[in-house]
2 protein chains.
Amino acid sequence: MGRQTAPAESRQLSAGETAEDARTHILDAAEALFENEGYRAASVRAITAKAGVNLAAINYYFGNKEALLEAVCHRRLGPLNEARLRKLKEIRAEARRRGRKVELQPVLRAFMAPALMLKESGGSAAGFPALFGRALADPDDTVQRVIFKMMKPVHQLMLEMMGDALPGVSREEVFWRYQFVIGAMARATRVYKNPGFKGAGLEDPGPEGGVNTLIDRLVSFTLAGAQAAPGMNIKCKKNSAPESK
Amino acid sequence: MGRQTAPAESRQLSAGETAEDARTHILDAAEALFENEGYRAASVRAITAKAGVNLAAINYYFGNKEALLEAVCHRRLGPLNEARLRKLKEIRAEARRRGRKVELQPVLRAFMAPALMLKESGGSAAGFPALFGRALADPDDTVQRVIFKMMKPVHQLMLEMMGDALPGVSREEVFWRYQFVIGAMARATRVYKNPGFKGAGLEDPGPEGGVNTLIDRLVSFTLAGAQAAPGMNIKCKKNSAPESK
DNA sequence: GTCAGTTTTAAACGTTTGTATTAAACGGAG
DNA sequence: CTCCGTTTAATACAAACGTTTAAAACTGAC
């Protein structure tokens with residue numbers, strides 16, 4: 001199969017690099033279509049058409065469609081998760097040096113901020129958070145497998161550090177609070193500047209500031225939520241399931 | 001493949017029963033497959049096979065696949081949203097009667113509890129919350145359209161009442177906190193008792209109690225989050241986007 | 001210019017999709 | 001029994017899917 005040497009030698013073209021251009025054109029087109037249509041609905045025909053390459057190019061460069069999804073996610077999630085892990089370990093190291101427990105707020109921020117900052121990176125990466133938010137709940141098994149494989153180290157470290165930051169809270173409880181954090185963030189990336197959510201029955205959220213405003217809102221919400229005293233609110237009267245009339 | 005018709009029906013029961021049985025068998029099969037595979041991936045062939053009816057039955061009874069999805073959602077979301085709206089209006093009425101502002105906690109509970117209670121209703125409705133959680137982020141436009149049409153009244157009332165319960169908080173801010181609530185709940189319904197999330201890189205969350213425990217966790221998390229003071233946490237050092245290497 | 005290797009192209013592959021068609025089987029009413 | 005509206009059944013259909021193939025068009029090195 002046509003696996004050839006690195007593009008370092010092919011730089012000698014007439015302003016070319018067309019060889020590596022095809023790959024990135026495909027990646028860009030796939031990222032945009034995966035974001036807007038979803039993995040399953042974005043056909044290889046639509047992707048190659050948008051990328052301006054031949055139909056067979058995806059199979060030639062990536063093998064198959066699943067490998068393309070993996071490459072699309074890897075391009076963004078690779079450096080993104082590296083940044084998350086670096087920041088988290090830095091926070092943990094500093095807490096240990098000072099002999100204090102980990103603080104929750106920087107942990108949440110280290111998890112969420114790098115992802116959302118991509119939104120205003122200007123480049124083609126700006127669409128990735130929405131793609132990722134979509135992928136987090138995508139029904140397709142392929143998508144789930146790809147996402148989980150790349151997120152596993154982050155998940156593990158987050159669970160560990162949230163546990164450290166919340167002494168006395170059971171592992172089970174920490175697990176669920178982390179899930180709520182993920183859910184809130186995933187929803188935010190899907191809704192943020194997605195025109196489909198404006199006219200679809202939800203009130204206009206206004207000018208909604210920049211990404212930093214959204215990050216602050218997410219952090220303050222999830223921080224308070226994760227630090228809340230556990231379910232002392234059972235005092236409420238029993239809620240029954242809706243009886244079918 | 002053979003015939004796999006449901007046990008003990010047909011001639012046995014009185015007339016007219018079998019006619020309605022085919023419809024509900026299709027609805028049940030579709031609900032289960034939509035939950036486990038997603039709308040797009042659940043083919044009409046798989047649905048009809050699971051329901052034990054002929055391939056053409058879906059088009060005969062519902063017209064097309066989209067109308068089937070609408071019927072599946074309507075069967076559950078209809079009474080569910082009625083229960084939500086009834087409870088919310090009841091809360092609002094009582095607050096007005098007492099001349100006090102609306103309390104947030106019952107509002108959140110009225111929104112989330114009826115949905116999650118379906119999980120332990122025992123019947124075929126138990127799978128619907130996961131379906132709904134999936135649908136909330138489903139990339140398919142058809143799914144989004146169907147869901148939003150049915151959720152619109154609930155969304156509007158929730159935004160209004162959360163606004164009442166949070167005086168001094170801007171509409172924009174309320175909008176986002178409501179989105180975070182939705183995200184956390186959607187994630188919870190997807191993860192709860194979904195075996196795919198156990199071995200997929202996330203630590204085992206333990207016995208995890210019943211649905212009531214999950215509801216309490218969700219309510220306490222989102223209540224604290226929604227009541228949190230807005231973004232005073234900007235003091236943190238600037239987080240940069242992960243530089244692509 | 002020749003040649004090996006890489007990339008691009010057009011066409012076809014075999015499935016699978018949702019839906020349409022047409023005829024057969026059914027069940028009470030006359 | 002016949003008749004008629006309803007339901008089930010087997011099959012056909014056109015379109016779209018991901019993937020494969022084999023030949024053409026390139027590329028840079030000799």
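1. A friendly start with one side chain: Arg75(A) counts as partly exposed, at 24% relative accessibility. Keep in mind that this is a predicted model. The partner of Arg75(A) in a salt bridge is Asp28(A), with 2.9 Å between the closest N and O atoms. Since Arg75(A) sits in helix 4 (residues 65-98) of chain A and Asp28(A) in helix 1 (residues 18-37) of chain A, the pair ties together parts that are 47 residues apart in sequence. Asp28(A) is likewise partly exposed, at 29%. Both belong to a network of salt bridges that links Asp28(A), Glu31(A), Arg75(A) and Arg76(A).

2. Another pair to look at is Glu160(A) with Arg92(A), a salt bridge whose closest N and O atoms are 2.8 Å apart. Helix 7 of chain A holds Glu160(A) and helix 4 of chain A holds Arg92(A), so parts 68 residues apart in sequence are tied together. Glu160(A) is partly exposed at 33% relative accessibility, whereas Arg92(A) is buried at 16%.

3. Arg217(B) is buried, with a relative accessible area of 10%, and Glu173(A) is buried at 9%. Over all chains, the structure holds 25 salt bridges.

4. Now the helix packing. The axes of helix 7 (residues 141-165) and helix 8 (residues 171-191) of chain A come within 10 Å and cross at roughly 120°, which makes helix 7 oblique to helix 8. Their crossing is right-handed. Residues that meet there include Met158(A) and Leu159(A) from helix 7 and Phe175(A) and Tyr178(A) from helix 8. By class, the contact has eight nonpolar, two polar and one charged residues.

Notes:
Residues numbered from 1 in each chain as written. Chains lettered and ligands numbered in written order. Predicted model: local features only at pLDDT ≥ 70, side-chain atom pairs only at ≥ 80, totals over all residues. Heavy atoms only, no water. Axes fitted to C-alpha atoms, helices over the stretch in contact; angles between N-to-C directions. Helix = DSSP H or I, 4+ residues; strand = E, 2+ residues; numbered from the N terminus. Parallel < 35°, antiparallel > 145°, perpendicular 65-115°, else oblique. Left-handed = near helix turned anticlockwise from the far one by under 90°. Contact = heavy atoms within 4.5 Å. Nonpolar A, V, L, I, M, F, W, Y, C, P; charged D, E, K, R; others polar. Salt bridge = Lys/Arg side-chain N within 4 Å of Asp/Glu carboxyl O. Buried < 20%, exposed > 50% of the residue type's maximum accessible area, 1.4 Å probe, protein only.
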